[in-house]
Amino acid sequence: MDLYKTGILTLSCLLMMCSLNAQKTVKVKVENDITLNADLDEVWTAISNLENLDKLVPEIIGETEGIGNGKGAIVTLTLKGNGARVVEEITKLDNKKRVISYEILETPMPLSYYKATISITQTDSPEFVIRFKTVLKTDKTNEEKMQTTIDNFQRTLLSNVKNKYYEK
C-alpha cells in the first residue's frame, strides 16, 4: 500500500508541476504593416524568398542558407550580432495570393513555438499593404523581451523594404 501511495503522490506532484509550467507559458502576437506604392511583383519576389533575409534585414542577419524551394524548404539564418543560428521551415507559400508562412524549428531565443506569416494585399489604389504577423509562445518572464525583439525585427524588415522599393 505504501508503494501505491508513493506512486499517487509522485504523479500528483508531477501533474501539479506541469500545470504550473503551462501557466507560465504565454502566447504573444505581434503584427505590423506598411502601405507601399512600388512594383508589387518585385517586392513579393524579395519577401517570399526567405534566403533573401540577409539582404532585407542586414542589421540583424549576417547570412542565410536554404535547402529546397517552396513549402517544406528549410532556411538557416546566422545572426549578425552573436553568430547564433535560427532554422526555419516554410509551411505555406502561395504566390497567387502572395502569402508565405514559416515556423522556427531551432533558435537560441526562449521560444516554445513561433509561426510568422507575411502577406501582400492589393488595395483599390495602386498601393498595396504588406502585413507581417507572428504568433509565438514563451514563458512569462520573457514575454516583454520577445514582444520587443519580434516587433523590432518586423519593423526593421518592413522599413527596409519600404526604403528599398518605395516609388522607384
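Four elements each give at least two residues to the lining of the largest pocket: strand 3 (74-79), strand 4 (85-94), strand 5 (99-106) and helix 4 (143-165). Helix 4 puts in the largest share, four residues. Keep in mind that this is a predicted model.

The largest pocket has a volume of about 310 Å³, and 16 residues line it. If you want to find its centre on screen, look for Ile60, Leu79, Met109, Thr149 and Phe153, the lining residues that lie nearest to that point. The lining has twelve nonpolar residues, along with three polar and one charged.

The second largest pocket holds about 170 Å³ of space. Its lining is made of 15 residues, and Ser48, Asn49, Asn69, Gly70 and Ile90 sit nearest the centre. Helix 2 (40-48), strand 3 and strand 4 each bring at least two residues to this lining. By class, the second largest pocket is lined by six nonpolar, eight polar and one charged residues.

| Pocket | Volume | Lining residues | Nonpolar | Polar | Charged |
|---|---|---|---|---|---|
| Largest pocket | about 310 Å³ | 16 residues | twelve nonpolar | three polar | one charged |
| Second largest pocket | about 170 Å³ | 15 residues | six nonpolar | eight polar | one charged |

Is Ile150 buried or exposed? Ile150 counts as buried because its relative accessible area is 4%, and the cut-off for buried is under 20%. Leaving aside residues up to four places away in sequence, Ile150 touches Val30, Tyr114, Thr134 and Leu136. Take Leu136 from that list: it is 14 residues from Ile150 along the chain, and the C-alpha atoms of the two are separated by 9.4 Å.

One backbone detail is worth a look too. Arg98 sits in the loop between strand 4 and strand 5, and its phi is near 60°, a positive value in a residue other than glycine. Most residues other than glycine have a negative phi.

Terms used:
Residues numbered from 1 in each chain as written. Predicted model: local features only at pLDDT ≥ 70, side-chain atom pairs only at ≥ 80, totals over all residues. Heavy atoms only, no water. 1 Å grid on protein atoms, 1.4 Å probe; cavity = no way out; pocket = protein on both sides within 12 Å on 5 of 7 lines; lining within 4 Å. Points joined across faces, edges and corners; volume = space filled by probe spheres on them. Nonpolar A, V, L, I, M, F, W, Y, C, P; charged D, E, K, R; others polar. Buried < 20%, exposed > 50% of the residue type's maximum accessible area, 1.4 Å probe, protein only. Contact = heavy atoms within 4.5 Å.
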